[in-house]
Amino acid sequence: MAGGGRRTGPSPARLALMVLLLAAAVAAEAKVVHVEEPHRRSMLANGLGSAPPMGWNSWNHFQCDGNGEVVIRETADALVSTGLAALGYKYVNIDDCWAEPKRDAMGNLVANTNTFPHGIKALADYVHSKGLKLGIYSDAGFQTCAKVQPGSLGHEEQDAKTFAAWGVDYLKYDNCNNGDLKPLERYPEMSKALMKAGRPIYFSLCEWGDMHPARWGAAYGNSWRTTNDIADTWESMIATADQNEVWAEYARPGGWNDPDMLEVGNGGMKNNEYVVHFSLWAISKAPLIIGCDLRHMPQETYDILANKEVIAVNQDPLGVQAKKVRMEGSSEIWAAPLSDYRTAVVLLNRHATDEATITARWDDIGLPAGTAVEARDLWLHKTLDTAFTDKMAFDVAARSCRMFVLKSRLR
């Protein structure tokens with residue numbers, strides 16, 4: 001986005017009009033799903049997702065090659081030994097390629113005996129013994145996306161009961177290989193099955209945003225993918241953040257927009273770019289699901305993932321996803337209100353080579369004119385000496401950001 005004209009953040013009236021226009025445009029592309037309030041409440045009765053989930057998933061780093069019992073156990077150990085578990089990273093999620101290619105004679109899913117020789121129940125017991133939670137993966141089609149194991153189509157209740165009996169706490173539910181069936185015809189089936197399974201299981205819908213799940217996902221799950229799969233590149237990461245931001249008004253406690261898992265630590269981006277990645281996911285109230293090998297992470301990766309102050313923005317109980325409130329060339333300002341009358345702000349420089357001076361103005365980020373604030377820099381872990389009134393300006397390096405929490409000096 002280097003160069004280009006000036007685009008200012010919309011006034012409240014313009015913002016309301018933009019939301020209406022966006023809704024109209026979306027309605028032209030996808031079928032509106034009307035969900036009665038009693039049904040909505042019943043689907044969210046699992047009581048999960050009051051804040052975005054935090055944890056780890058095997059796919060981004062290992063895909064099918066290392067998705068085995070040893071890796072899952074050692075990752076659980078690493079979450080505890082590094083202190084990441086104590087910071088909120090609780091879910092240890094197995095992705096695709098965990099099951100045998102065929103169901104057993106009773107139609108049950110069976111763990112692959114080569115990679116999970118002791119079975120999922122024993123693995124769940126081990127993960128639970130560490131104070132953590134186990135997640136698993138399935139699909140709304142006949143096969144999963146890797147096409148090496150059965151999906152749950154036609155077996156929703158059976159699989160939900162199996163997952164509950166094993167002690168599973170989280171289900172990532174993809175939408176591959178289901179022919180002419182639409183996700184709106186299949187996700188409700190698994191949602192209802194999970195509600196009847198006898199164990200609270202966080203339900204993560206993975207529909208890739210094709211049918212705008214932000215508009216209907218809250219009726220069936222606790223989070224929903226708004227984008228295609230992320231890749232470990234700056235271009236993919238930043239485009240994914242942009243796509244997810246469009247749906248900000250649909251996120252709230254109990255149901256979150258999901259721009260896919262974190263690539264922090266996988267090696268495809270520079271450290272400053274990973275800082276941007278983590279900052280945007282945090283202020284966007286995205287699930288913080290780590291995707292690197294935690295058993296062998298460098299200190300700089302740990303320092304990003306373990307930033308308590310940035311995590312606190314993500315887990316803030318107000319649960320409001322950030323919006324991009326101003327864009328000027330490659331400079332952007334993202335902002336979101338927080339609890340206790342605070343405001344989170346990210347100043348982002350998307351330019352590949354040039355430093356930029358970025359100014360955040362109170363009328364853009366939602367603060368009353370004349371308000372004096374103190375600014376806490378979340379990456380420097382420092383409250384700045386200067387009090388700011390009506391605006392704040394900082395130099396930001398290329399492909400980098402500054403992240404602040406602003407609090408009125410009167411409080």
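Predicted model: local features only at pLDDT ≥ 70, side-chain atom pairs only at ≥ 80, totals over all residues.
- Strands of a sheet pair through backbone hydrogen bonds, either parallel or antiparallel.
- Strand 7 (residues 223–225) and strand 8 run parallel and are joined by three bridges.

**The whole chain**

- The protein chain has twelve helices and 18 strands.
- It has 411 residues, and 56% of them count as buried.
- Take the contacts with a separation of 6 or more: residues 24 or more positions apart account for 73% of them.
- The accessible surface of the chain comes to about 16900 Å². Carbon and sulfur atoms hold 52% of that surface.

**Helix 5**

- Helix 5 covers residues 119–129.
- Its buried residues are G119, I120, L123, A124 and V127.
- These buried residues pack against two helices, helix 4 (69–81) and helix 6 (156–166). They also pack against strand 3 (91–93) and strand 4 (133–139).
- Just after helix 5 comes G131, which takes a positive phi of about 80°.

**Helix 8**

- Helix 8 spans residues 234–245, twelve residues in total.
- From its first C-alpha to its last, helix 8 reaches 17 Å. That is close to the 16 Å expected at 1.5 Å a residue.
- Helix 8 is largely enclosed by the rest of the structure, because nine of its twelve residues are buried.
- The buried residues are W234, S236, M237, I238, T240, A241, D242, N244 and E245.
- Among the partners of these buried residues are strand 8 (256–258) and helix 9 (271–283).
- They also pack against strand 10 (323–328), strand 11 (331–338) and strand 12 (342–349).

**T227, in a loop**

- T227 lies in the loop between strand 7 and helix 8.
- T227 counts as buried because its relative accessibility is 1%, and the cut-off for buried is under 20%.
- Leaving out residues up to four places away in sequence, T227 touches W208, G209, T240, Q243, N244, D258, P259 and D260.
- Of these, T240 and N244 are also buried residues of helix 8.
- A polar atom of the T227 side chain lies 3.5 Å from the backbone oxygen of P259.

**N93, in a strand**

- N93 lies in strand 3.
- N93 is buried, with a relative accessible area of 3%.
- Leaving out residues up to four places away in sequence, N93 touches W56, N57, S58, L134, G135 and Y170.
- The side chain of N93 has a polar atom 3.3 Å from the backbone nitrogen of G135.
- N93 and N67 are 26 residues apart in sequence. In space they are 10.0 Å apart, C-alpha to C-alpha.

How values were computed:
Residues numbered from 1 in each chain as written. Heavy atoms only, no water. Helix = DSSP H or I, 4+ residues; strand = E, 2+ residues; numbered from the N terminus. Buried < 20%, exposed > 50% of the residue type's maximum accessible area, 1.4 Å probe, protein only. Contact = heavy atoms within 4.5 Å. Areas by Shrake-Rupley, 256 points an atom, 1.4 Å probe, with all protein chains shown as cover. Expected span 1.5 Å × (residues − 1). Pairing = 2+ DSSP bridges. Polar contact = N/O pair within 3.5 Å; in protein donor to acceptor, adjacent residues only side chain to side chain.
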